[in-house]
Structure formats: structure tokens, C-alpha cells
Amino acid sequence: MTRTMFVTGAANGIGYEIAKAAVDAQYKVGMVDTDLTKLEEVTRHLSGTIALPADVTKPVSVADAFDRFTQEFGAPTTVINNAGIVRFGMLLDQPVEDFVDTISVNLIGTYIVAREAARRMAEGGHIINITSINSITPGPGAGAYPAAKSGVKQLTRQLAIELGPKGIRCNAISPGFIDAGMSAPIYADQKVRQTRSGAVPLGRLGTAADIAAAVMYLDAEAGAYVNGHELVVDGGVVHSLLNQLPRD
Ligand code: NAD
């Protein structure tokens, strides 16, 4: 059976790496993004992919992208909700629009795509939502992002219980400190890079390829009974609080 994957936010960073890993594993891949120039460029270089320009916050745009995907590859079997944004700033100072946009893309966009996907997965399937360790712990100046990502985590569990009876699994992956995509500018600062990699028990920042590997691992046949799970891919950093507070 040909495996198919619909990946949102696939023109850059982690989403691109997920699409690439899926192509390497012989999936047919629909790459969704609002960054049309980059989308055109990456799909030209990755065989077995199609460009699906769409905005995940717009139900009609998402339905059109799924129509195009289905015409080309048939019903989607795996859908990755990866599109996301972060708007840094203190909650008291940020314009409300930053809060609304962050919830809209990360949380509502994930719902819109999952809903449209599940309606088309007549033979079952798998939805993976990319959250963040900010679904577990808030971060400095992270704005609405932790609220949005913990919402995605709970949405994943709700989808898992509603869609399980239709043969559709729904899981989440929570990346930690990833040296790619939206965090690349943060880790361009050598001091931040050093402090943060030093705080990770595995002693390094994560890569987009680490997250792509986790997607393929969860989507494999061996994961067929995993449903409603949050797979934290962070080198152990969320558990390292007491490491930062040493005692004699
Ligand atoms: P990125 O900015 O490189 O990629 C995000 C992609 O989503 C971009 O291509 C962007 O154009 C697209 N996008 C944004 N809004 C969209 C919309 N409305 N519709 C369709 N596409 C849209 O960021 P990334 O670091 O690769 O992030 C990918 C996912 O991983 C996000 O959900 C992010 O929250 C999550 N994440 C990233 C990190 C990290 O450190 N990079 C850590 C934890 C979680």
C-alpha cells in the first residue's frame, strides 16, 4: 500500500525535514504552507511531493488543499499538524492580536486540519500534532505559545478518544530546544547556545531531523496501538530543573 502524508508548515524548518524523511520512506507527500516561494522551491527538489499552498486557519483553504491531495494521491493516511508561529513578548505588553494569531495558527489551525483530515480517512489513519515542551512548562517571554501548545496537547487527547473508533490514531510530539526553524535565530547567539545545550542531559540541542525521526517512529506499524500519547523529544531537558539548582 502506498503511504501518503499531508504535512503543514512543510516549506521550512521541522516540517521540511518531516516531508524529506517521509519521501525517503517512499511516502507520497503533500506539502502545505503559506510561504509560496519556498514551497515551490522545496517541492521542485523533493520527488514524490506536491505543493499545496494553504492557510491552516482558513477552513476553505484547508479543504481545497485536501481536495488537491486526494486527486493526486488518494485519501490521506498520515497527517502532520506542524504549522506554527510564536510571538515573543510579555503578556501584559503584547497587542491582543499576537495572542489571537498564536492561538489561531497553532491551536485552531490544528483543529481545522485534523477535522478535515478525519472526515476523509475512510480507511483509518494517523494524525500527529507537533506541540512543544511549552505544553508542559511556560518559558520566558513566550506569550500565548505555551497556552496554545498545551491546548494542542489536550486537543490531541480529545481527538484520540473521538477518532479511535474510526480507526484513526492521534498523537502529539513535543520538541525541546531545536536548532532549526523558528528557534534558529535564538541559537545563533553562541552564549544562549552554550547555556541551553549545557542544560540538556544529552548535552546537545535537538535537530529538525530528530523530530522527523520521531514522526516516522510513531507512524510505523510497530506504533499501531499508541493513541493519545505525547512523545517528548527533548534530550531530557524538561526533567532537568533540579540539575540547574545544584546542592553540595
Ligand atoms: P518554522 O517557522 O521554520 O516553520 C513553520 C512553518 O509554518 C513555516 O514554513 C510557515 O510559513 C508555516 N506557517 C505559518 N503559519 C501558517 C499557516 N497559517 N498556514 C500554513 N502554514 C503556516 O518553524 P519550525 O521551528 O520548523 O516549527 C515547526 C513546528 O515545530 C511548529 O509547530 C513549532 O511550534 C514547533 N516547535 C518548534 C521548535 C523549535 O525549536 N524550532 C520547538 C518546539 C516546537
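## Residues around the ligand

In this predicted model, the residues of the shell around the ligand divide into 12 nonpolar, 11 polar and 4 charged, where Ala, Val, Leu, Ile, Met, Phe, Trp, Tyr, Cys and Pro count as nonpolar, Asp, Glu, Lys and Arg as charged, and the others, Gly among them, as polar. The ligand is surrounded by 27 residues, the closest being Asn12, Asp33, Asn82, Tyr145 and Ser183, and a residue is near if one of its heavy atoms lies within 4 Å. Helix H1 (13-24) and helix H5 (145-163) each supply at least two residues of this shell.

Local features need pLDDT of at least 70 and side-chain atom pairs count only at pLDDT 80 or more, while totals for chains, interfaces and linings use all residues. Residues are numbered from 1 along each chain, and side-chain values use heavy atoms, with hydrogens and water left out.

## Polar contacts

Among the polar contacts (pairs of N or O atoms within 3.5 Å), an oxygen atom of the ligand lies 2.5 Å from a side-chain N or O atom of aspartate 33, and a polar side-chain atom of tyrosine 145 is 2.5 Å from a ligand oxygen atom. A nitrogen atom of the ligand is 2.9 Å from a side-chain N or O atom of aspartate 55.

Taken alone the ligand exposes 830 Å², of which the protein buries 90%, with areas from the Shrake-Rupley method and a 1.4 Å probe.

## The pocket

The ligand takes up the space of the largest pocket, and about 1,200 Å³ of space lies in this pocket. A pocket is an open set of points on a 1 Å grid where a 1.4 Å probe fits, with protein on both sides within 12 Å along at least five of seven lines, and lining residues have an atom within 4 Å of a point.

Terms used:
A polar contact is a pair of N or O atoms within 3.5 Å; within protein, one must be able to donate a hydrogen and the other to accept it, and residues adjacent in sequence count only if both atoms are side-chain atoms. A molecule sits in a cavity or pocket if more than half of its atoms lie within 2 Å of its grid points. Helices (H or I, at least four residues) and strands (E, at least two) are DSSP runs, numbered from the N terminus. Grid points are joined across faces, edges and corners, and a volume is the space filled by probe spheres set on the points.
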